[in-house]
Amino acid sequence: MSKTQGQTDGQQTDGQAGRTAGPEATLGYEQARDELVEVVRRLEAGGTSLEESLALWERGEELAKVCRRWLEGARARLDAALADGAEDAESAGEG
């Protein structure tokens with residue numbers, strides 16, 4: 001688990017200035033995605049109690065949020081890079 005990856009790879013906060021969204025915020029995208037795949041596999045396989053199924057569902061929801069935050073952060077970084085590139089192209093064309 002990378003201790004700085006969440007900061008350098010655009011991991012988002014929960015909307016509160018500077019606060020991360022809990023222990024799941026330390027998960028990388030691939031880790032959260034892989035665990036989510038396992039949760040879904042277990043739910044689809046069946047054979048779990050109602051209580052365990054509910055716990056798995058809740059964990060899956062948490063993991064989906066982590067993945068969504070990573071993807072939204074990546075999208076924001078991509079949009080910013082594209083905007084910077086467009087600004088650079090405009091200023092290069094003016095000179």
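Visitor: Helices here are DSSP runs of H or I, at least four residues, numbered from the N terminus. Where is Glu 38 found?

Guide: Glu 38 is found in helix H2. Bear in mind that this is a predicted model.

Visitor: What separates the C-alpha atoms of Glu 38 and Gly 60?

Guide: The two C-alpha atoms lie 9.2 Å apart. Along the chain, Glu 38 and Gly 60 are 22 residues apart.

Visitor: Back up a bit. How many helices and strands does the chain have?

Guide: Three helices and zero strands. Read from the N terminus, the order is α-α-α.

Visitor: How many residues has H2, and how far does H2 reach?

Guide: H2 has 17 residues. From first C-alpha to last, H2 reaches 24 Å, close to the 24 Å expected at 1.5 Å a residue.

Visitor: What follows H2?

Guide: Gly 46 does, with a positive phi near 75°.

Visitor: Now the inside. Which residues form the largest nonpolar core?

Guide: Eight residues: Leu 27, Ala 32, Val 39, Leu 56, Leu 63, Val 66, Cys 67 and Trp 70. Two elements give two or more residues to this core: helix H2 (29-45) and helix H3 (50-94).

Visitor: Which gives the most to this core?

Guide: H3 does, with five residues.

Visitor: Why would such side chains be buried together?

Guide: In general, nonpolar side chains in soluble globular proteins tend to be buried together.

Visitor: What share of the chain do buried residues make up?

Guide: 19% of the 95 residues.

Visitor: Switching to charges. How many salt bridges does the count come to?

Guide: Six. One of them joins Glu 35 and Arg 59, with the closest N and O atoms 2.8 Å apart. That pair links distant parts of the chain, with Glu 35 in helix H2 and Arg 59 in helix H3, 24 residues apart.

Visitor: Is Glu 35 buried or exposed, or partly exposed?

Guide: Glu 35 counts as partly exposed because its relative accessibility is 29%. Arg 59 is also partly exposed, with a relative accessible area of 22%.

Visitor: Which side chain does Glu 62 meet in a salt bridge?

Guide: Arg 59, at 3.2 Å from N to O. Glu 62 and Arg 59 are three residues apart in helix H3, so about one helical turn separates them. Glu 62 is partly exposed at 34%.

Visitor: Which residues are linked in a network of salt bridges?

Guide: Glu 35, Arg 59 and Glu 62.

Visitor: What about Arg 42: which side chain does it meet in a salt bridge?

Guide: Glu 52, at 2.5 Å from N to O. This pair also links distant parts of the chain: Arg 42 belongs to helix H2 and Glu 52 to helix H3, 10 residues apart. Arg 42 is partly exposed, with a relative accessible area of 31%. Glu 52 counts as partly exposed at 31% relative accessibility.

Visitor: Last one, on contacts. Among those between residues at least 6 apart in sequence, what share joins residues at least 24 apart?

Guide: 67% of them.

Terms used: Residues numbered from 1 in each chain as written. Predicted model: local features only at pLDDT ≥ 70, side-chain atom pairs only at ≥ 80, totals over all residues. Heavy atoms only, no water. Core = buried A, V, L, I, M, F, W, Y, C linked by side-chain atoms within 4.5 Å. Buried < 20%, exposed > 50% of the residue type's maximum accessible area, 1.4 Å probe, protein only. Expected span 1.5 Å × (residues − 1). Salt bridge = Lys/Arg side-chain N within 4 Å of Asp/Glu carboxyl O. Contact = heavy atoms within 4.5 Å.
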